[in-house]
Amino acid sequence: MKCPESLYIFIGMFRLSIIIGLLILCSSLSAQIMPFKNYGIKDGLRDNNVQAVARDDRGLLWIGTDFGISWFDGKRFYQPKIKTTVGQLYVTGFYKDWHGIMWVTTFYNGIYKFDGKKFINYRVDPALTEATANSVSSMTQIGKNQYLVVNLNSPYLFDGKSFRLFDPANNSLRSKTNSVLQLTDKTILLGTDQGIFHYRINNGLPLLVDHFVQNLLISGLTFAANRVCVLTGKGISLYPPPGTTNHWDHPQTFFANKPIREVTAGADGSLWAIADNGSFWDLADTVFRLKDGKVSVYSNKNGLPENVQQIYSDNEGLIWFANRKGVGMLGDEFYEFNKITTGHYNNPVTDLAIDRENKLWVGTINGLVLKKDEVYSSRQMIGREQIGYVSWVRTTSTGLTLTGAVAGVLSIQPNAIKVLFHIPSTAMSEDTAGNLWFGGINGELWKYNGKSLKAIKLPASSPEMIATMQAVDNFLWIGYRDKGILKYKVAGDSAFLVKTYGLLTGYPDMRIRCSTTDGKGHTFWGTRTNGLFIFNGNSERPLAHINNENGLTANWVKDVFCDADGSVYLATNNGVNVIGGNYRSPSIKKLQINDDNINRETNCIVKDGGLFYIGTNEGILKWTPGNIHRDTVPPPVYLTKIDIQGLKDFSIDPYTLNAGRISLPYDKHFISFEFAGISLKSPENVSYRYMLTGLDKYWGPLTTHSDVSYDLRPGSYTFMVAAKNADGIWSRSPAVFHFVINPPFWLTWWFISICLLLFGAVVYGAYQYKLSKMIALQALRNKISTDLHDDIGSTLSSISILSEVAVNEKEKRSKVMLAEINERSHLLMEKMDDIVWSISTRNDTIGNLFSRIQQFAATVLEAKDINYEVRIPEKVKHLKVDMQRRQHIYLILKEAINNLIKYACCSNASIVVEYTNGILKVEVADDGKGFDTERESLGNGLLNMKKRARALHGKLNITSSPGAGTRIRLAVEID
């Protein structure tokens, strides 16, 4: 039940329509339009002049034209490459042999064999390149690697390499053979100008068995329903197969004296015949279908393509018509379209209902139309009052047919229409008790119990148009035009609000247009912009929400019809959708209307027996489902193209099931795939799922897109894709492609191994270096400990002894000892200060080192009135020096200054520092008395200095001579 969108506009024009309605009458224009679909150059076909059609074992349709071959997978055309010997490739026919190999017969170019990848050419006379001898009209396999090929009406034997005449002794076959037929027992019939010759192949050689109907010109032979069909040019004769007693004596004849120029057997045992209307280029062809003794006639009035040249029946029950405008397809459906017009204008259909006499009532924007005995008649007036816009038409459980229109609620019968209630009803529903509920344009609600009509006041009601209603189990569900669904509990003549589904309760886009129930507890609600909502019984939330994301062709659902088999039919503004299966993961099909003159927008739908009536903006479509029957043929799926970024020399054969394996460099990481699932019966209902192992753990979601792209990291991958038809039948095997993207060299195992080894070596070296530092630090600590023990400990011991002796000695002697104690205490404090200074991290620069040297030198040199200078470049003051080096340098220089004070007897002294290329050079010089370094032995102080210099891996040079002063030079590497 639905409310068409144009109701508001119509009410405003009501007065004008009354005047117009008095002047015009409703008429219908009927044409039985069959579901023909024609493909041509505009769709990708190589050429419009199609001579032959066939289907291979891959499911592809082969289309032969005057300019070569096209393959068709249901959505796209592909042009395979074929080399020609001469001129263009003019295709005359196709043949599929016992092994499923496809052969092509041509004009001027002999025959071609397709081995799965390429076409191989064979000519009857290879020596001739431009001869009609190489024009082949038909062929058939008669044995292993043995074929019968007909050219210029002469039969030849072909062994896969060369040709020879079939039966040279039979002159009647030369230039007079018109057709070839192989029977189930492998014997052969040749139709000629002089009847039928029956042959048996014996050891590879033809053996004539019989000669039948010698007085007839046989133009065609075929086999259907265990009968031999003979085309004579004067009709079609059906014979039992050879071997039956008197089988040629009493044929069953059809189309007597009719000029039939070609006959084809259908997969269902039917025969399809093309009438010869006198001209090869006659556009007004007639096609006959003979099935179970009944004849159906097709012409361009039914949608038959112009100038049919060949008819082909495939394994899916589809009939293909090779014609001069392309290739046409006739599905296993039937539809008939009837325009509903008012004067010269279309009369859009708003609702449909079947009455108890099985008559169809049509609601329109200008009243009612009754279909009776294939005739449509208008009902626009009730007396002098116009019916006007019809919102709904329903037949109640008691057989009463009612309609809601501008004139009110009407009771309608073929011979009488009367007003029941003058109320503006836009929706109607019947509850289980037989009560009728009517909704109004401003939110009014009425209840009719069969005796009286009563207005029902609704809580929380507002002046909003009621688009549809459903009375289910003491609940009244009301769908509003713009504010969603309100669910009421009904008790007598009262209603109580139970639940709201709208903007304020989390359903922002629920503009209701139609609803229905399936009698199993489900209610269905179609919306203006958000598809279909399904509720189950008293559930608080929708059981399912189906829109274009699930596969609907449109989100505007105008009507819903539930069939007894569980299928749900949706009339949308983009055709009829059929929902099957689980509502949460539904299968969705679309009714295919192949006539571009029939509008895709549908408004309402109703079923009468096995027929559906569909209302559109232009009239009534009568539809007998064919494709809607379960499609049990698994759709094969193939890879059609693989594009690898920048890899121009890589390609695959079109329609490949397994594309093999390839190894790619790391910079070829962007890969795209195109694929096709083949279902010529219903290509728009094919969906896919794919998975890339190495990236995905599971199959991806269903999609109707037939391509996908990836930007990948190095790794091993396998792409797999499978196809599913609308009935959930999956392809038997997925199409696959294996590939490896190799990593760059810096990510290879050997490079990583080398890096790990180098890193290990560095870590080991760092460890060894750290360990050596730790050992050196430990040695330093041990040295400091030894110094503390030896120097400071011995000094403290002597102080202790002297203190003890001083206590017992006389005053004079005691003073001397106390002076000694004082001197040794000062010495101890100095040593302690040196140790503390040397281990402090705050003193780890050259500047700090020589600041202490200068401080020490100033104290002792100034006490002796010795002039001195200290020169330290600014650039070296910030340089770091470790604790051990710092201590050795300090003690060496301190010893040198001490020696200068004790022995030099100088007036001037200098300390000069230089730094070059990581080498620290220090010179301590004086102008004292000097000494002979060759004759005088070095004391302990000089020996200690040399020892410390060696510990630093430095050089200590002492230069002196009597009366010439002394120079001590120390060179140490510190960088």
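Where is the place of Ile387? Ile387 sits in the loop between β37 (385-386) and β38 (390-395), where helices (H or I, at least four residues) and strands (E, at least two) are DSSP runs numbered from the N terminus.

## Basis of the report

This is a predicted model, in which local features need pLDDT of at least 70 and side-chain atom pairs count only at pLDDT 80 or more, while totals for chains, interfaces and linings use all residues. Residues are numbered from 1 along each chain as its sequence is written, and side-chain values use heavy atoms, with hydrogens and water left out.

Ile387 is buried, its relative accessible area being 0%. Here, buried means under 20% relative accessible area, exposed means over 50%, and partly exposed lies in between (1.4 Å probe, protein chains only). Gly408 is 21 residues from Ile387 along the chain, and the C-alpha atoms of the two are separated by 8.1 Å.

## The largest pocket

Rolling a probe the size of a water molecule over the atoms shows where empty space is left. On a 1 Å grid over the protein atoms alone, a cavity is a set of points where a 1.4 Å probe fits but cannot get out, whereas a pocket is an open set with protein on both sides within 12 Å along at least five of seven lines; lining residues have an atom within 4 Å of a point. Grid points are joined across faces, edges and corners, and a volume is the space filled by probe spheres set on the points. The largest pocket has a volume of about 1,800 Å³.

The lining of the largest pocket consists of 47 residues, and those nearest its centre are Phe94, Ser138, Leu221, Glu262 and Gln310. Two or more lining residues come from each of the strands β3 (50-55), β7 (90-96), β11 (136-143), β15 (177-182), β19 (220-224), β23 (260-265) and β27 (308-313). Strand β7 gives the largest share, seven residues. By type, the lining holds 22 nonpolar, 21 polar and four charged residues. In this division Ala, Val, Leu, Ile, Met, Phe, Trp, Tyr, Cys and Pro count as nonpolar, Asp, Glu, Lys and Arg as charged, and the others, Gly among them, as polar.

## Strand β19 and its partner

Four of the five residues of β19 are buried, so this strand is largely enclosed by the rest of the structure. Strand β19 runs antiparallel to β20 (residues 227-231), and five bridges join them; two strands pair if DSSP finds at least two bridges between them. Ala224 stands opposite Arg227 in β20. The hairpin of β19 and β20 has two residues between the strands, and within this hairpin Ala225 takes a positive phi near 50°.

Helix α5 (residues 846-863) has 18 residues and reaches 26 Å from its first C-alpha to its last, close to the 26 Å expected at 1.5 Å a residue. The expected span is 1.5 Å times one less than the number of residues in the helix. Among the buried residues of α5 are Ile846, Leu849, Phe850, Arg852 and Phe856. Just after α5, Asp865 takes a positive phi of about 55°.

Helix α7 (residues 940-951) has 12 residues and reaches 16 Å between its first and last C-alpha, close to the 16 Å expected at 1.5 Å a residue. Its buried residues are Gly941, Leu942, Met945, Arg948 and Ala949. Seen down the axis of α7, these buried residues fall within an arc of 125°, taken from the directions from the helix axis to the C-beta atoms, so they line one face of the helix. On the other side of α7, Asn940, Lys947 and Arg950 are exposed.

## Positive phi in two loops

Most residues other than glycine have a negative phi, and most peptide bonds are trans. Lys186, although not a glycine, has a positive phi of about 70°. Lys186 lies in the loop between β15 and β16 (188-192) and is partly exposed, with a relative accessible area of 44%.

Phe255 is likewise not a glycine, and its phi is positive at about 55°. Phe255 lies in the loop between β22 (252-254) and β23 and counts as buried at 10% relative accessibility.

## Two strand residues

Ile196 is found in strand β17 (residues 195-202) and is buried, with a relative accessible area of 0%. Lys418, in strand β41 (residues 416-421), counts as exposed at 51% relative accessibility.
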